[in-house]
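Here is a short report on a pocket, a surface patch and some charged pairs. Please view the structure first.

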Amino acid sequence: MEADKLVQEKSEMQRHYVMYYEMSYGLNVEMHKQTEIGKRLNAILAQIMPFLSQEHQQQVAAAIERAKQVTMTELNAIIGQQQQRQDLPRLLVSIAAAAAAAAAASTGWLTTRTIHASE
């Protein structure tokens, strides 16, 4: 009995290890991808800068410097906005399902399909 419990715990720990490893690998790949995107965008800007007027060159250079000095607070705000955008479709679907269930209930046409749609 004790051996079975230890085997289950070992199996669970191995699953967690694999899951964390996959997440770590995915984050590492994404980080390198974003770094490469940044390098390419920087190269494009460097190629375009000479064609801008002196005033616009100064504005773009200042904007680039501001972009390079992003803070953790700003990053967290950006991440929060992205998560909200991803959650919005799910939220809208659940609101629509709840509204459909409420409308069906108020008219007396509550069906099993309506109930399942709101879950």
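The notes below cover the model, then its pocket, patch and salt bridges.

## Model

This is a predicted model: local features need pLDDT of at least 70, side-chain atom pairs count only at pLDDT 80 or more, and totals for chains, interfaces and linings use all residues. Residues are numbered from 1 along each chain as its sequence is written, and side-chain values use heavy atoms, without hydrogens or water.

## Largest pocket

The largest pocket has a volume of about 320 Å³. A pocket here is an open set of points on a 1 Å grid where a 1.4 Å probe fits, with protein on both sides within 12 Å along at least five of seven lines; lining residues have an atom within 4 Å of a point.

Its lining includes Asn42, Ile64, Lys68 and Leu75. The lining residues divide into seven nonpolar, one polar and one charged.

## Surface patch

Tyr17, Val18, Tyr21, Tyr25 and Val29 form a nonpolar surface patch with about 550 Å² of accessible area together. Patch residues have over 30% relative accessible area and no salt bridge, and nonpolar side chains are joined within 5 Å.

## Salt bridges

There are three salt bridges (a side-chain nitrogen of Lys or Arg within 4 Å of a carboxyl oxygen of Asp or Glu). Arg15 pairs with Glu12, with the closest N and O atoms 2.2 Å apart. Glu36 pairs with Arg40 at 3.1 Å.

Lys68, one of the pocket-lining residues, meets Glu65 at 3.8 Å, N to O. Lys68 and Glu65 are three residues apart, about one turn of the helix.

Definitions and conventions: Points joined across faces, edges and corners; volume = space filled by probe spheres on them. Nonpolar A, V, L, I, M, F, W, Y, C, P; charged D, E, K, R; others polar. Patch = residues over 30% accessible without salt bridge, like charges linked within 9 Å, V, L, I, M, F, W, Y side chains within 5 Å. Areas by Shrake-Rupley, 256 points an atom, 1.4 Å probe, with all protein chains shown as cover. Helix = DSSP H or I, 4+ residues; strand = E, 2+ residues; numbered from the N terminus.
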